[in-house]
Structures are given as C-alpha cells and as structure tokens.
Amino acid sequence: TATKTSSMAIGQAPPAQASGRATSKAVNMPDKPLLVRFKGDGYTPADSVYIRGLPSPQVEQATLEQMFTDIGLTVVWSMVIPDTKGMGSSCGLVQLGSIAEATNAIEAWNGQWLT
C-alpha cells in the first residue's frame, strides 16, 4: 500500500487528492502522521478504531468525533487518551456504526498529517 503524505486540519475531511505536508507553528502538533488501526490487535476487523498521533496534551472529544462525522461516519462513542507522559501526542478510541465504517475511517485517516 502507498503511504499517504497529505495534511489537514483536525475536523477537516481528508481531501480526495493531496500531497506534501503543511507545516504547523503549533508546538503541540505531533511530528508523525496519524496511525489509525482497528481496536485490539490492529488487524482483526472491528467497529472501533484506535488513533495515535493526535495533538498533545489532548484533543477535545468533540473535535475527535468531528473527524469522523465530517466524512459521513456514525460515531457511537469516543474516548480521548491524553498525553500524560509528555510523549508529544495524544490518542483516541472511536466506535463507529459498523466494521465497514471503521474500515473507511482507517482508509481516510491512517497516514494523514494534521495541521
């Protein structure tokens, strides 16, 4: 699979085609792209996803949910995992309406850069 290198603001739906990485002057933005995987072992299909690489110390829960609702997905529940150890990024868990929606979320967000 190709590595995605596009960037977008939190809550902004991924563009159809984009390239390059926009730089951010925010000191709390991670220096790595988002990692979005199925919750659990990361490979077994599930209706929930784990997201690593969100802003530190934490992203607002409403903003996390908006990342998914803006691309037409149904958020059942979500949880922000704050960066309490100063690692430079926070994480999140999001349960979506189905395994198909979780798959779409992974395809849309995994490897994306936040600005």
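View 1. The model shown here is predicted. The structure holds one cavity of 30 Å³ or more. In total, 10 residues line the largest cavity, and the closest to its centre are P30, K32, G53, W113 and L114. About 30 Å³ of space lies inside the largest cavity. Rolling a probe the size of a water molecule over the atoms shows where empty space is left.

**View 2. The second largest pocket has a volume of about 200 Å³.** Its lining includes P30, D31, K32, P33, L34 and L35. R52, G53, M87, G88 and S89 also line this pocket. By class, five lining residues are nonpolar, three are polar and three are charged. Look for P30, K32 and G53 here.

**View 3. S56 and P57 are joined by a cis peptide bond.** The omega angle of this bond is about 5 degrees. Where does P57 lie? P57 sits in a loop between strand β3 (48–54) and helix α1 (61–69).

**View 4. E101 is buried but has no salt bridge.** E101 belongs to helix α2, which covers residues 99–109. Which side chain of opposite charge is nearest to E101? The answer is K39, 16 Å away. A salt bridge needs a side-chain nitrogen of Lys or Arg within 4 Å of a carboxyl oxygen of Asp or Glu. Leaving aside residues up to four places away in sequence, E101 touches L73, T74 and L96.

How values were computed: Residues are numbered from 1 along each chain as its sequence is written. This is a predicted model: local features need pLDDT of at least 70, side-chain atom pairs count only at pLDDT 80 or more; totals for chains, interfaces and linings use all residues. Side-chain values use heavy atoms; hydrogens and water are left out. Helices (H or I, at least four residues) and strands (E, at least two) are DSSP runs, numbered from the N terminus. On a 1 Å grid over the protein atoms alone, a cavity is a set of points where a 1.4 Å probe fits but cannot get out, and a pocket is an open set with protein on both sides within 12 Å along at least five of seven lines; lining residues have an atom within 4 Å of a point. Grid points are joined across faces, edges and corners, and a volume is the space filled by probe spheres set on the points. Ala, Val, Leu, Ile, Met, Phe, Trp, Tyr, Cys and Pro count as nonpolar, Asp, Glu, Lys and Arg as charged, and the others, Gly among them, as polar. Buried means under 20% relative accessible area, exposed over 50%, partly exposed in between (1.4 Å probe, protein chains only). Lys and Arg count as positive and Asp and Glu as negative; His and the chain ends are not counted. Contact means heavy atoms within 4.5 Å.
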